[in-house]
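Student: I would like to go through the voids in this model. Can we take each term against its definition?

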Amino acid sequence: MDLENTWQQSGAGDDMLNKLLQQKDFSNLHSKLPLKKLKRNLLIGMFWAILITLVYISLFFFINLWQVYIALCVLIFFNAWIMIDSWKLYKNTNENITPSNSLKQELQKNYNGFQNWWKLQQKAGLFVYPIAAAGGFILGGVKGSGKPVEVFLYNPKMIMILVITVLVLVPICYYGARWMFNYAYGKHLKKLKMLIDELSLDNENKSE
Amino acid sequence: MSEKEFLSQLKEHQNIIYKLVHLYANNEEDKKDLYQEILLQAWKTYSSFRGDAKFSTWLYRLCLNTIFTIQKKTNKIEYSDTTKYEEAYSTSYTNDETERLYKAIRTLLETERAIVSLHLDGYDNKEISRFLGITANLAGVKLHRAKQQLATLLKNI
């Protein structure tokens, strides 16, 4: 078989492609690019961060506990920082395919986009989870017991429970977020990594 | 490049889109998704085409980058599993030789498929290495290995 000849004669097209090519404008075609999905998720995340921040702000009007105020201030500050970081990532993520990039560059662009987003989530989580857990515990304890915070926390048992709550909730939240990330993007990231590794094989061989 | 010129160039080089999509799509739905994505991306980025390379080269790069970015599953099909292949890929080819060739190439690793298609379309190892972002040496090694595999497969049927 003459491979080159058979290959070059094989591209006659099909009905599906011909039909699509009849259009004069392709901008209405549906895109399934993963980075587009990532950018949409960043926007959704920012929207929720704004909503949650507003809830935190509204709590100032209903609660009169300086310990919770501190937790809320830290959380609001942190939310703002994460929103700025998310916005920067959103602006810097080019969801379109870049034909001037080599295949490896394009795959790395996608892989790094997701990795950066995940790092951002981890950074946010590790800081927010303990403060949110402690703040929630104090607020719930004070409201539930009807005692002032100093009295409520005076009991060493409560301090122990607070520490245990934080120690239990932080890893649950951390690993829960990791599981959700892997569930949503794990397959895609694994595939990207596999392809990048396949294309990097030569460099690895040289360095061995 | 004007919109009219772009559409005419795209039609002229549609064989690139057709061939590459048929090497990677697992089924009709995949094929449709890939066609749509490639055309949409071409539409969005054709203004970046400055004519310092051939339109066919630009389109080839765009197709490969799009296909590899959008694929989620490894879609290697075992050559021996004809039933699975037929189920997954029901397109009728122009002739038996074309079908045998596509079937054989689709058994290769995804990056090797790209290398083989570029080679069969006349690109040399240096150009292939630029397409993929690998060294010319690795392109050569992979091509050699893929060609050996293809020869064995095509001999056995």
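Tutor: Start with a definition: a cavity is a set of grid points where a 1.4 Å probe fits but cannot get out, and its lining residues have an atom within 4 Å of a point. Bear in mind that the model is predicted.

Student: How many cavities does a search of the whole structure find at 30 Å³ or more?

Tutor: The search returns 1 cavity. The volume of the largest cavity is about 30 Å³.

Student: What makes Thr69(B) a lining residue of the largest cavity?

Tutor: A lining residue has an atom within 4 Å of a point. Thr69(B) is listed in the lining of the largest cavity, so it has such an atom. Others in that lining include Leu33(A), Pro34(A), Glu106(A) and Lys109(A).

Student: Which helix of chain A gives the most to this lining?

Tutor: Helix 5, with 3 residues. Helix 3 of chain A also supplies at least two.

Student: Why do Glu95(A), Glu106(A) and Lys109(A) count as charged in the lining of the largest cavity?

Tutor: Glu and Lys belong to the charged class, so these residues count there. The lining divides into 4 nonpolar, 4 polar and 3 charged residues.

Student: What is the volume of the largest pocket, and which residues are closest to its centre?

Tutor: About 840 Å³. Of its 32 lining residues, the closest to the centre are Gly45(A), Trp117(A), Gln121(A), Ala124(A) and Tyr129(A).

Student: Why is this called a pocket?

Tutor: A pocket is an open set of points, whereas a cavity holds a probe that cannot get out.

Student: How does its lining divide by class?

Tutor: Into 24 nonpolar, 8 polar and no charged residues.

How values were computed. Residues are numbered from 1 along each chain as its sequence is written. Chains are lettered from A and ligands numbered from 1 in the order in which they are written. This is a predicted model: local features need pLDDT of at least 70, side-chain atom pairs count only at pLDDT 80 or more; totals for chains, interfaces and linings use all residues. Side-chain values use heavy atoms; hydrogens and water are left out. On a 1 Å grid over the protein atoms alone, a cavity is a set of points where a 1.4 Å probe fits but cannot get out, and a pocket is an open set with protein on both sides within 12 Å along at least five of seven lines; lining residues have an atom within 4 Å of a point. Grid points are joined across faces, edges and corners, and a volume is the space filled by probe spheres set on the points. Helices (H or I, at least four residues) and strands (E, at least two) are DSSP runs, numbered from the N terminus.
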